[in-house]
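Please read them with the structure open.

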Amino acid sequence: MHRADHHPSRRAFLDVSGVALAAGLVAGCSPQPARSDRPDSSAAAPLAKVAATGRHQAGIALPRSAQRNLLAVVADLGAEVAPGPLLAELGEAVRALTAGSDPQLLGLAPGDLTVTVGVGPRLVRTAGATLPGAADLPRFSRERIAPQARGGDLLLQICASDALLLPVVAAALLDRAGDRVRERWRQSGRRGTEVPVADGLTAPRNLLGFIDGIVGPHTTAEQERDLWLAGPPAVAGGTLAVLRRMELDLTRFAALSVAEQEAVFGRRRDSGVPLSGGTVASGPQLAAKTPDGRYLVPVDAHVRRANPTAVGVGHMLRRSYSTDEPLGLLFVSFQNDLRTFTATLTRMDASDALLPFTTTTASATFLILPGFDQRHPLGSRLFG
Ligand code: HEM
């Protein structure tokens, strides 16, 4: 395996070694280690596993609230590499890793680990030029993207409550792929405090202090309509992912008053309630005005510019993670039509008060393969 850029992985290990060190202090290095006959009250309860197999891959709609930590690894396939066998092997590795039976997990408990695998437009086009996922993302404003951080053939989205697992699982999968893949870029991220936003649903705060991920296709019916691909058969049960790494100008945003910050988004910072009123679960009422005729949700507020009805598209499932290096957001969305993303960002580009605080430094779209199991290997319907 050739790593195009070693820095991000080093960083991931540094992050993790901090966690490991803290855990070591608690678990092993204290002067009086916990005795085995005395239950350790500080030990966390085992996390519920998330099934890797089924109609859809895990890590999109399940678990319902995304795990706290993410590592996205984007790689290219060698020109001569057949995607079918590679994806089938990766699927098997994902099954073993999430079940905790892969020796490369080194005995670590997988907990709620999920690995979501996607293939980039170049690979999709080899299976069919008109398939969903065959189109590249266009360019947008406020991009500063190195060639290496644009696009890619393979996405491994690894998520878990336990941050320690992420680089271990990435290394196991990249080992399995061997010299058939070449890493392009990777990005780790974490979610802030989760806030309840609807029945059984939470959304995290982002680095700008706002609750992020409220509106989306959250019911099964909404997900069938806007999230999952219904066909053609080779992709049914899959979806389209968009990843955009965005640097945020925190200093400039923090210099605004709270009211100005809220006008940027169109929701209250503390509660997430739209500026047009209601509860955190309410959609913004875009027509609502003050007695003197001003819109309660400003004309350039992010929730107005990105509003699916105003854009004329379906809902995207946003599952973004905050990043510390660079400081910002790894925007992650899933939708069954790429236009849901492109038309939204095009409308934001024209006038969205949030955009001037962002610079996009990585961008890619992937067809998230349909779900798999032992009888139907990952990728077999597309590349079989
Ligand atoms: C750094 C970049 C971004 C940040 C910090 C951010 C944050 C937020 C926040 C806080 C909300 C309001 C709460 C919610 O519904 O989740 C929101 C809504 C939304 N955002 Fe973003 N967002 C960013 C970029 C984007 C991009 C690139 C897109 C898509 C092109 C997008 C699409 C949406 C949509 C569709 C909504 C829901 C609008 C509604 O119907 O109310 N966002 N975003």
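1. The model is predicted. Residue numbers run from 1 along each chain as its sequence is written.

2. Strand 3 covers residues 114–119, and six of its six residues are buried, so the strand is largely enclosed by the rest of the structure. Buried here means that 20 or more other C-beta atoms lie within 10 Å of a residue's own.

3. In a regular strand, side chains alternate between the two faces of the sheet. For strand 3, both faces are covered. Thr 114, Thr 116 and Gly 118 are buried on one side, and Val 115, Val 117 and Val 119 are buried on the other.

4. Which strands pair with strand 3? One is strand 4 (residues 154–160), in the antiparallel sense and over six bridges. Within that pairing, Val 115 has Ile 158 as its bridge partner. Another is strand 12 (residues 358–368), also antiparallel, over two bridges. There, Gly 118 is bridged to Ile 368.

5. The ligand has 30 residues around it, of which Phe 210, Ile 214, Val 215, Val 303 and Ala 306 come nearest. Two or more shell residues come from each of strand 8 (239–248), helix 8 (302–305), strand 11 (327–335) and helix 10 (338–350). Helix 10 gives the largest share, four residues.

6. What classes of residue make up the shell around the ligand? The shell has 19 nonpolar residues, seven polar ones and four charged ones.

Notes: Predicted model: local features only at pLDDT ≥ 70, side-chain atom pairs only at ≥ 80, totals over all residues. Buried ≥ 20, exposed ≤ 12 C-beta atoms within 10 Å, placed from the backbone. Pairing = 2+ DSSP bridges. Near = placed C-beta within 6 Å. Nonpolar A, V, L, I, M, F, W, Y, C, P; charged D, E, K, R; others polar.
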